[in-house]
Amino acid sequence: MRSRIKAFPRFTLAALLSVLAAAYGHADLYAPNRPLLEIRTERFAIAFPPELEETARRLASFADSAWEEVAAKLDPEGAGTVRRDGPRIPVMLTPDSGVINAYRASSPYGRIVLYAAPAELDSTLGSFDDDLRSAFLHELTHELSLSIRSPFWRAAAAVLGDAWAPAALWTASPPMIEGVTTAFESEAPDGGAVAQGRANDPLSMATVRQDLAEGVRRSWAQASGAGDRYPWGANHYHYGGAFSRWLRETRGPLAYAALWKELGAGRPLEGEGSNAFSSGAFERAYGEDLDELWTAFLVALTPRVPLLVPRLLEPGDPGLRAPTFRVVALAAGPGALFVADASRAAVFAYPADGGPVERLFAIDGYVSRLDASTDGTRLLVSYARTGSGQTKAEARVWNLESGRWADAPIGNLAAAAFSGASSIVGLEPGAFEADLVEVLRDGSRRILLEGGSGRTYGAPVPLPDGSIAFAADLADLAGPAGAPEGGRRWTVFRLLPDGTLLELAVEDDEGDALFMAGGELGWPRFLSRGRGDGLLFSVARDDGFYRLARLEGGALQVMGAEISGGVQRPVELAVPGGDRAVAYLGAFSDGERLCLLDPAAPELETRAYEVIWRAFEDNRDRARTADPGSSAGSGGEAAGAGTGAADAGKRPGAGYEVGAWNPWPWILRPLRWPVMDVTVENGSFRARGLGAGAMFADPAERWIFLVESSWDFAAGAADLYAELAVSAGPFSVTLAGRDGFSALEDGSPYRLSAGAASLAADFPLVPYWRALSARLTLAASRLAEAPSGDPYGGEVAASFATLDASAAWSSLHRETRRGIFGEERARAGFRFALRGTLEADAEGLVEPSDARPAFEGAFELAEARSALSFAAWAAWAPLGGAAFGPGGRVLVDGGSFSPSSLLPWYPVVGEFAGSGPAATFYAQLDARLTLAAVELQGPLPLLPVYLARTILSAGARSALGPELFQPSVYGRLELSGSPPAGGLSRIKANAAAELGYAFGRAGAPGAWGWTLGLEIGY
């Protein structure tokens, strides 16, 4: 049978469906899977495993009031902008992560997912006053703001499903999408000012202020996250939250609500009044141009105080000066400075004596803390590990003398530090809270301080006397008189070995207590050990940058002057000559730098404060008296105060009933789309079939089911396709089936029936890009004639069965580095993969000798420092029957239309398109050198494209096979950018074009060829 099936392109909204499906499958939310329970409120159905019942009850106690709070801000006049009817919103609570995260998804229906883990005080999420409430309110704001629709879009959502009609996603740029959520999380329920949330946090706001202090005025597109440089995709949070807060404060909440009504109305195609880039919506809501509002906002936030110029620390390593330098952890030991640089994916040691820099071990961006032992022999690394669809907090010890990991990882431990020679202290993540714990040498744990719903502990710092210092935000405790904003507390604590808890009390000139929750000594973060029993940390004014604070011998010295870049992660560092200085991280407009500070320098305008460590029990007792039903308490012995049986009815959410989780109300709300099959004849398109498809999914993201059906006009019969994907931890199972019609080149109609089952497993390692993966697929298919009038009654022409197995190990990842002319993103690492396939005619399954085995292998190696990469692919069919070559994998017996033939692993490139016939063996070698990478970072004129960079490379390839040796050379141009249009601005697109020439050899003439490629992701 030598006829070939014509390729009929299937134009269907399923192309967009692939994006929606990818957005749906964030992870297996519950690993391991287990039965779920639910609590129903008026507006929500909260799903959770049994161990999160208390957390679910607390969420239920305020979920509906949070809905009313957000709805009142988006629709203050009750005009129906926010719909008050409709089904409940599913909220999925999962404890199977050690790192806080949350998201709102719209596909196939709106829902909220909350990962029950605590925020880190030293991150911008540390500004949450209550991790559960703040995370929920943030995602609820997404759900309500992105569900604002005009009547037209409401009708579209009713017909097709929620995901097809989020009008604001096409009109509201990321500064608005994330700005409204960040602004609302930073307001009190009544809209008043409070010291909480990222829009009030100096750590988050420093990004905007630093840009303006350096004269950098980011455009709306840059603030939308269109660029991919520092601060690494967070601009739309920082700028968006500040801009929305400024709009609400200066233009009023009514106009802000009108703006969101306009964004939800859509109108993407109305010329100059279009909402596609948000501009038309701003004009209609405010009567002002977006550019004018943006300029006024930037002027209002521009710092008015002089900034000192920092001194950069440059110990002979060019990586410290790269614009991509990204410090995720910093520590100082007796003889070295240790830096975790996520951009170069490694931890480095910089000797204090100026010796050569040493690369210690590979890391990823999940590293959160480094701590060096006092004897300088060990380094404690706190990081997060991905696996089974979840992210877990771990800590591990690196032996600096042997250059190896000393012990097994310590699970469920974050922000860890050495406490003498026999134990480790750190934070043990729980359900939106963390306990301060000690891990002993034998692996046992002791809780030092219990966590709480309004308590956020910073990284603990053990001191020589056995006490432990830490910064903390205790928003659940009523503070003493004079504490700002309703008792919210940011201060420094010290836990003595006998369990006594002390707080740092500071006296000002009038003798009043200054608590570190705003004002001159606000928002303390980044504690580290100083000299003796001293401490280093950073403080910030509400409208300023972080400054250095040093506590030594009962005296607190604080920088009075502001310094460009701020002072973050300060550590005491030995410098040549026996002196000591402070190394720290400065965050500038174009990236991060390591800086050096002499604390005694007069220009720092250091001010001394008298301080005492005083007992904290009185404040804790006041909190218990004020709220007898609260579980607030700072000492382990008091953590359960007021939560006995007698107070059970006072517990949050105690009045709600708990039942078994019922997912069917949402499973039966599928996403729907039309299907259209077209053919190309004589250069024109002609409809070949019409139909519809739907996607059904479990809200817990454990399975997803797709089905499509269309009527084939030519065959007079139905095309059917169905797919079920089930995930459980690292494993996923996919079942797929198809029954449809097509035609051979001579026009003869044929029916294709096929089914496949696959089992895949992925086991990530540390760093996260290291992974083992495997897949096993079994497929069967049949070709039959489809005579006119009886398409289902034709004679079987061919049938095939395929067993396909593969395994791979990979460390390939994207590494950011400095190129010749600018920043370059290069692949780095190694990948090795093997694949085996066994295929046979259905009649030949009983005869193993008739089976056609085939093997494929892949090898890739990329070394970013040399800008050179190598790759090799090979395929071999030892018994014949299968052929490989530039045209792909071909089954000789069945022709190229064989439905069970799986695609090859090797890339198909343009210059090899005519390299001769396929054969039982084929190999391809590739070597490429990056010539230049040029930073552009700006919009293209007259086009909705923000271009980040262009990369030019050149290489050589060779195709090898029986009687085939086809060398070629090629040039490759890559463009990276984003479409600055609404929510699409966060899409990162990499387009590539290749032009190659294959030299003529015996049996293969020389030929030019070209290849285009497009990679899209977030």
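Author: Strands here are DSSP runs of E with at least two residues, helices are runs of H or I with at least four, and both are numbered from the N terminus. With that settled, T391 sits in strand β14, which covers residues 390-399. Before going on: this is a predicted model, in which local features need pLDDT of at least 70, side-chain atom pairs count only at pLDDT 80 or more, and totals for chains, interfaces and linings use all residues. Numbering runs from 1 along each chain as its sequence is written, and side-chain values use heavy atoms, with hydrogens and water left out.

So, is T391 buried or exposed? T391 is buried, at a relative accessible area of 17%; the label means under 20%, with exposed over 50% and partly exposed in between (1.4 Å probe, protein chains only). Contact means heavy atoms within 4.5 Å. Setting aside residues up to four places away in sequence, T391 touches S97, G98 and V99, along with Y366, A384, R385 and T386.

Next, S968, in strand β51 (residues 964-978). S968 is buried too, with 2% relative accessibility. Skipping neighbours within four places in sequence, its contacts are E911 and F912, then G955, A956 and R957, then Y997, A998 and F999. One of those, E911, also makes a polar contact of 3.1 Å with S968, side chain to side chain. (A polar contact is a pair of N or O atoms within 3.5 Å; within protein, one must be able to donate a hydrogen and the other to accept it, and residues adjacent in sequence count only if both atoms are side-chain atoms.) G955 is 13 residues from S968 along the chain, and their C-alpha atoms are 8.6 Å apart.

Now for a helix. Helix α3 takes in residues 131-145, and its end C-alpha atoms lie 21 Å apart, in agreement with the 21 Å that its 15 residues should span at 1.5 Å a residue. That expected span is 1.5 Å times one less than the number of residues. At the start of α3, D130 puts a side-chain oxygen within 3.1 Å of the backbone nitrogen of L132. Why call α3 largely enclosed by the rest of the structure? Because 14 of its 15 residues are buried.

That brings us to the nonpolar cores, each a set of buried Ala, Val, Leu, Ile, Met, Phe, Trp, Tyr and Cys residues joined through side-chain atoms within 4.5 Å. The largest has 67 residues, and those with the most contacts inside it are L114, F136, F243 and W260. Helix α2 (residues 53-74) supplies the largest share of this core, 10 residues. W260, beyond four places in sequence, touches L74, S145, L146, I148, A168, A172, M176, I177 and V180. A second, separate core has 26 residues, including L203, A540, A549 and L551.

Most residues other than glycine have a negative phi, and most peptide bonds are trans. The bond from A31 to P32 is cis, with omega near 5°, and P32 is in the loop between α1 (14-24) and β2 (37-40). S107 to P108 is also cis, with omega near -5°; P108 is in the loop between β5 (101-105) and β6 (111-115). N412, not a glycine, has a positive phi of about 50°, lies in the loop between β16 (410-411) and β17 (414-419), and is partly exposed at 33%. E701 has a positive phi as well, near 60°. This one is in the loop between β36 (684-697) and β37 (703-712), and E701 is buried at 4% relative accessible area.

Zooming out, the chain has 15 helices and 53 strands, and 55% of its 1018 residues are buried. Of the contacts between residues at least 6 apart in sequence, 58% join residues at least 24 apart.

Last, confidence. Average pLDDT, the predictor's confidence in each residue from 0 to 100, is 83 for the chain, and 84% of the residues score at least 70. Residues 1-26 stay under 50, yet the model has 70 contacts for them beyond four places in sequence. Residues 478-487 also stay under 50, with 16 such contacts. Where pLDDT is low, the predicted coordinates should not be read in detail.
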